[in-house]
Structures are given as C-alpha cells and as structure tokens.
Protein chains: 2
Amino acid sequence: MSDQDKKPVLTFVTGNPNKLREVQQIVGDDFMFQLQNVAVDLPEYQGDPAHVAAEKCKAAYQQVKTPVIVEDTSLCFNALGGLPGVYIKWFLKGVGHDGLNKMLAGFDDKTAYAQCIFAFQPGEGVEPLLFIGRTDGKIVPARGPTHFGWDPVFQPDGFHTTYAEMESDAKNAISHRGRALAKMAEFFKSHAREVSERMTLEKDWTTS
Amino acid sequence: MSDQDKKPVLTFVTGNPNKLREVQQIVGDDFMFQLQNVAVDLPEYQGDPAHVAAEKCKAAYQQVKTPVIVEDTSLCFNALGGLPGVYIKWFLKGVGHDGLNKMLAGFDDKTAYAQCIFAFQPGEGVEPLLFIGRTDGKIVPARGPTHFGWDPVFQPDGFHTTYAEMESDAKNAISHRGRALAKMAEFFKSHAREVSERMTLEKDWTTS
C-alpha cells in the first residue's frame with residue numbers, strides 16, 4: 001500500500017481523464033486526497049452558474065457518497081445579461097462559432113466573460129464550496145483550431161489571440177479554468193487540517 | 001360527497017390557479033379526474049423541450065405520488081437552431097423584448113415557433129406521456145400589452161397581430177398552449193377506460 005492509497009479519496013465526477021490529470025498536476029503530490037475520476041451522468045439544471053454548479057455537486061455526492069468535486073463552465077455575453085452562460089454548449093451546438101458572433105450583431109457591446117466553477121462537497125448534508133475563476137474578454141470571429149468548444153471565438157482582455165490560438169501553458173495561466181483550479185488548490189493547501197476535520201464531522205461546513 | 005369527489009385525483013403542478021381553471025374548462029365536467037393544483041418547486045433541467053418536460057413530470061410525480069400533469073413552454077428561434085427554447089424565460093429576463101429582437105439582428109431568418117408541452121404521468125415507474133402543441137410565427141418588435149412574458153414579440157403565421165394584441169379566445173384557438181391542451185383533452189376523452197386501467201396497473205404504459 002503506497003502513501004497515496006492511504007489518503008482519503010476525493011472523486012472528480014467527469015468523463016474526461018485529462019481533466020483529472022490537470023487537477024492532479026496543479027494540486028501536486030502532497031495533496032491531502034487521493035484523486036480519482038468517475039464518469040456519472042449528472043442532471044444539468046437551469047439557473048445561474050453558481051446554482052447550477054452547486055446543484056450538480058449535490059447530485060454527484062448523492063451518487064458517489066464520498067467527497068466529490070464537479071466542474072461547470074459558462075460563457076457569458078454582457079450584452080445578453082450574462083447569457084448564454086451555462087447554456088453555452090447548447091448554443092454552440094445550435095448555431096456554431098459564426099452564430100455566436102451573429103447573436104451579438106445587433107449589440108455594440110461584444111464583451112464577455114468565461115467562467116469556471118469547481119464545486120466541492122466534503123460530506124453529507126453540507127452545502128458545496130464554490131471556487132470561481134473568471135476571465136474577461138470579448139467575442140470575435142473564430143480564429144485558431146476549432147476542436148475545443150468555443151475557444152476560437154473568445155479573446156481574453158490584454159491579448160490579440162483567442163483561447164484557441166494560445167499555447168496551453170499561456171492559456172492555463174490566465175484562463176477561467178486555471179484560475180478556478182488555482183483557487184481550489186490554494187484552499188486545500190491552506191485549510192488541509194480543517195478540511196480533514198470537517199470531512200469527519202460532516203456538518204457546519206462554511207465557506208472561508 | 002359529490003360525484004366530483006368520487007373521481008380519482010389528477011394533480012396539475014402549477015402555482016397558477018388560472019392555469020388550472022383553463023384546463024378544467026377545456027376538459028369539461030365529464031372529465032374522468034377530479035383536477036386540483038398544487039404549487040411545488042420542481043427542478044428545471046437543461047435539454048430539449050421534450051426531455052425537460054418529461055423530467056419535470058417525473059420529479060413532480062415523485063413529490064405528489066398521485067397522477068400528475070405539468071406544463072413547459074418554449075420559444076424557439078429557427079435561426080438559432082431552436083434556441084432559446086426552454087431557456088426563453090432567462091433570456092426575456094436578461095435582455096427584454098428589445099434584446100430578443102436584437103439577438104436576431106444578424107440573421108435573415110426571423111421565424112420562430114412557440115411550443116407548449118403538457119406531460120402526464122399516471123403512476124409509478126411510467127414514462128410520462130407528452131402532448132405537444134406548436135404554433136409557427138416570427139419574432140417582431142414588441143406590440144401590445146407587456147404584462148405576459150414574450151407575447152408582445154411573437155406574431156403567429158397568418159396574423160398581423162402579436163399574441164399580446166389578440167383577444168384571449170382568438171389566441172387560445174391557435175396558441176401553442178391551446179393546441180397542447182386540446183390534444184391532452186382529446187386523449188383523455190378517447191382513452192378514458194384505458195387510462196383508468198393503466199392507472200391501476202401502473203405499468204406498461206405507452207403512448208398511443
């Protein structure tokens with residue numbers, strides 16, 4: 001039995017093993033949990049991003065019954081009051097990169113923000129903790145490789161490249177996802193003992 | 001005990017008693033059920049309209065444990081591949097009537113359809129039956145009273161008035177909601193005995 005095997009399990013509910021590796025790299029080897037991923041079908045609720053992430057996390061906990069994290073991503077157009085938001089995947093599928101631009105044709109404001117929320121639920125009956133990473137930018141005609149979602153139409157502020165045109169290291173450093181992950185990793189590092197205790201108590205968990 | 005009280009209960013999960021009265025009027029006094037409404041918070045899932053209505057109906061059944069109907073409405077822009085669809089309420093809130101038009105400014109196609117789905121679940125472990133009413137039309141600058149949702153921006157085909165400008169009788173006759181209700185009422189009338197039997201058996205229920 002290795003040291004890793006003695007640690008409590010933290011389950012990342014995702015069907016994408018690359019996402020697990022990304023989290024593992026960021027939290028490092030001295031992470032207090034043994035990280036694993038499971039692919040479980042989770043309900044996707046309507047609502048604002050924080051609500052959707054929290055509800056998804058609760059549903060994930062009910063399925064795996066062990067400390068759990070989930071991730072949810074939004075692309076929010078300021079001209080549309082934050083929409084499509086969590087519905088961006090349906091819009092990308094429905095209208096494509098060109099359509100996402102066309103939806104803003106009638107508006108002067110092309111600004112948008114990409115938002116990633118990691119939600120962590122340590123135990124039963126506990127409200128999930130949310131780690132929110134946000135990157136401001138604007139919606140532009142698609143540039144760069146088109147294999148990863150809406151990356152080609154999002155150009156972060158301070159850059160002349162879209163997400164899709166950026167090297168992954170550079171993107172991770174400023175991306176909504178990188179920022180959310182960094183917040184979560186920082187939390188686990190600075191609250192390791194508290195997290196362990198709370199996981200045992202499984203109550204009165206509050207955000208710090 | 002009146003005759004009405006002897007009938008089995010069919011619960012319409014809605015917080016709006018006007019909707020209950022509308023259903024009661026359409027199905028008539030000889031309806032096989034005693035209709036009542038209850039206001040229960042139901043989860044709203046993401047997905048296509050049929051999926052959303054079916055899941056909402058299952059959740060409703062799990063709460064009330066008696067035969068149940070729910071309703072879900074979509075406004076689907078053809079240029080956006082059917083979106084905003086079930087998310088229309090969030091978009092109306094986020095961008096208003098003017099914004100719904102502006103979202104289509106970049107597209108030549110302003111056509112849309114309004115869709116209402118009534119979902120009926122007669123018993124445990126049974127897939128809900130869906131009654132779908134659809135009205136084709138187009139999105140126009142808002143005209144008419146603004147107190148009822150997106151009615152001012154939807155002009156049904158064959159009319160020069162928006163939903164909001166129509167008298168309620170005329171609107172009900174051609175509306176997505178009126179059509180879905182008529183289908184449901186027709187089903188209950190023509191399958192009364194089968195519905196009674198299946199409600200008792202609570203299994204092998206299939207759409208006709």
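Lys65(A) is partly exposed, because its relative accessibility is 47%; the class lies between buried, under 20% relative accessible area, and exposed, over 50% (1.4 Å probe, protein chains only). Although Lys65(A) is not a glycine, its phi is positive, at about 55°. Lys65(A) sits in the loop between helix H3 (49-64) and strand S3 (68-77) of chain A. Helices (H or I, at least four residues) and strands (E, at least two) are DSSP runs, numbered from the N terminus.

The model is predicted: local features need pLDDT of at least 70, side-chain atom pairs count only at pLDDT 80 or more, and totals for chains, interfaces and linings use all residues. Residues are numbered from 1 along each chain as its sequence is written, chains are lettered from A and ligands numbered from 1 in the order in which they are written, and side-chain values use heavy atoms, with hydrogens and water left out.

| Feature | Residues | Value |
|---|---|---|
| Positive phi | Lys65(A) | about 55° |
| Positive phi | Lys65(B) | about 55° |
| Cis peptide bond | Leu83(A) and Pro84(A) | omega about 0° |
| Cis peptide bond | Leu83(B) and Pro84(B) | omega about 0° |

Pro84(A) belongs to strand S4 (residues 84-85) of chain A, and Pro84(B) to strand S4 (residues 84-85) of chain B.

Chain A comprises seven helices and seven strands, in the order α-β-α-β-α-β-β-α-β-β-β-α-α-α from the N terminus. Its radius of gyration is 18 Å, close to the 17 Å of the globule rule for 208 residues, so chain A is as compact as a globular protein of that length. The radius is taken over C-alpha atoms, and the rule is 2.2 Å times the number of residues to the power 0.38. Of the 208 residues in chain A, 50% are buried.

In chain B, Arg177(B) lies in helix H6 (residues 176-190) and is buried, because its relative accessible area is 11%. Leaving aside residues up to four places away in sequence, its contacts (heavy atoms within 4.5 Å) include Glu22(B), Glu71(B) and Phe118(B).
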